[in-house]
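Here is a report on one protein chain. It covers helix packing, the cores, the loops and a pocket.

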Amino acid sequence: MFIPVVAAALSLSAPHALKPAPVFVVRAKDFSFVAPAEIKSGPTTFKLINDGKELHHLTLVKLDSGKTMKDFSDAMQKPGPFPAWTSFVGGPNPAAPGKSVEATMTLEPGQYVMLCFINSPGDPKPHMAKGMVKPLTVLPEANGRTARAADDTVHLSDYTFTFSKPLTAGKHVVQVVNDAAQPHEIVLAKLPPGKTIADLAKYVDEDLMKGPPPAMPFGGLATISPGRAATFNITLTPGRYGAICFVPDAKDGKSHSAHGMTTEFTVK
Ligand SMILES: [Cu+2]
């Protein structure tokens, strides 16, 4: 007698569960984030719109329970790696001026902070040191939504990108899974004729982004900690592309690109 009741409850809940993740719009300025201060928990698409004149991204960091923004600010005054009570959740990776990028993360309730690690041309300080730091409270109340299914997956290891299948022209939802021992990111760039992903690595790591970029970064997923997954949305046109990780290495502090975390591929 109980079975029909359970079945009815499931069919009632199904249409609700298929509603897509809400879109949380964040506007990047030179040098601040403009966004609401709190949001419901659950799958959420972050849309970063770049209103600035420089390249920006959004890295979402979660503080362990019991830690406050004051603890975070105090920790940021000291050099060295991020505290063990923080984790990298991902986020929409770079948007050129006037462009937007999207990534979807499943948010658990708690205290988060949005950061931009990108530097101004010739300046070693990240934008977060100039004000691109914004707290975000994720409420216990759930949004009840479902993340859109991914059509491709890229696994991050120390130090490679492995796609489950080659990316094709058109719109994609790409899942990023960090199977590695360290945090990583994925930055995508379309390579103009004659340019390589090594040119982009040199431009960021050695030239500190002075002068015009050899290839314009235009999407991907910001830093994500081991054991986590998130997705990003991307629209590709035919051509040559590169993927690269600029996260500093846990052992030597060098960019992961210097450890070989780059790849190139052709989209048909
Ligand atoms: Cu990496």
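## Helix α2

The buried residues of α2 pack against β4 (59–63), β5 (86–90), β7 (110–115) and β8 (133–142). Helices are DSSP runs of H or I with at least four residues, strands are runs of E with at least two, and both are numbered from the N terminus. Buried means under 20% relative accessible area, exposed means over 50%, and partly exposed lies in between (1.4 Å probe, protein chains only). Contact means heavy atoms within 4.5 Å.

This is a predicted model: local features need pLDDT of at least 70, side-chain atom pairs count only at pLDDT 80 or more, and totals for chains, interfaces and linings use all residues. Residues are numbered from 1 along each chain as its sequence is written, and side-chain values use heavy atoms, with hydrogens and water left out.

Which residues of α2 are buried? In this helix (residues 69–76), they are Met69, Phe72 and Ala75. They lie on the same side of α2 because they cover an arc of only 125° around the axis. The arc is that of the directions from the helix axis to the C-beta atoms.

## Helix α3

In α3, the buried residues are Ile197, Leu200, Ala201, Tyr203 and Val204. Their arc around the axis is only 165°, so they sit on the same side of α3. The cover over the buried residues of α3 includes β12 (184–190), β13, β15 (239–244) and β16 (262–267).

## Nonpolar cores

A nonpolar core is a set of buried Ala, Val, Leu, Ile, Met, Phe, Trp, Tyr and Cys residues joined through side-chain atoms within 4.5 Å. The largest one has 59 residues. Val26, Phe46, Leu60, Leu107, Met114, Ile186 and Phe232 touch the most other members. Helix α3 (residues 197–205) supplies the largest share of this core, 5 residues. A second, separate core has 10 residues, among them Leu63, Ala75, Phe88 and Val113.

What does isoleucine 186 touch, leaving aside its neighbours within four places in sequence? The contacts are Asn93, Val154, Phe161, Phe163, Val176, Gly219, Gly220, Leu221, Phe232, Ala243 and Ile244.

## The β5–β6 loop

Glycine 91 is in the loop between β5 and β6. Proline 92 has its place in the loop between β5 and β6 too. Glycine 91 is buried, at 0% relative accessible area. Proline 92 is also buried, at 0%.

Glycine 91 is in contact with Leu58, Ala103, Met105, Gly220, Leu221 and Ala222. Proline 92 touches Phe46, Leu48, His57, Leu58, Val101, Glu102, Ala103 and Gly220. Proline 92 and threonine 266 are 174 residues apart in sequence and 22 Å apart in space, C-alpha to C-alpha.

## Backbone geometry in loops

Where are the cis peptide bonds? One runs from aspartate 30 to phenylalanine 31, with omega near 15°. Phenylalanine 31 lies in the loop between β1 (23–29) and β2 (32–34). Another joins aspartate 158 and tyrosine 159, with omega about 15°. Tyrosine 159 lies in the loop between β9 (152–157) and β10 (160–163).

Leucine 208 is in the loop between α3 and β13. Its phi is near 50°, a positive value in a residue other than glycine. Methionine 209 is found in the loop between α3 and β13. Its phi is near 65°, also positive in a residue other than glycine. Leucine 208 counts as partly exposed, at 26% relative accessibility, whereas methionine 209 counts as buried, at 9%.

## The second largest pocket

The second largest pocket has a volume of about 440 Å³. On a 1 Å grid over the protein atoms alone, a pocket is an open set of points where a 1.4 Å probe fits, with protein on both sides within 12 Å along at least five of seven lines; lining residues have an atom within 4 Å of a point. Points are joined across faces, edges and corners, and the volume is the space filled by probe spheres set on them.

Of the 22 lining residues, Ser100, Phe218, Asn233, Ile234 and Thr235 are the closest to the centre of the second largest pocket. At least two lining residues come from each of β6 (100–107), β11 (170–178), β13 (217–224) and β14 (229–236). The largest share, 4 residues, is from β13. By class, the lining has 10 nonpolar, 7 polar and 5 charged residues. Here Ala, Val, Leu, Ile, Met, Phe, Trp, Tyr, Cys and Pro count as nonpolar, Asp, Glu, Lys and Arg as charged, and the others, Gly among them, as polar.
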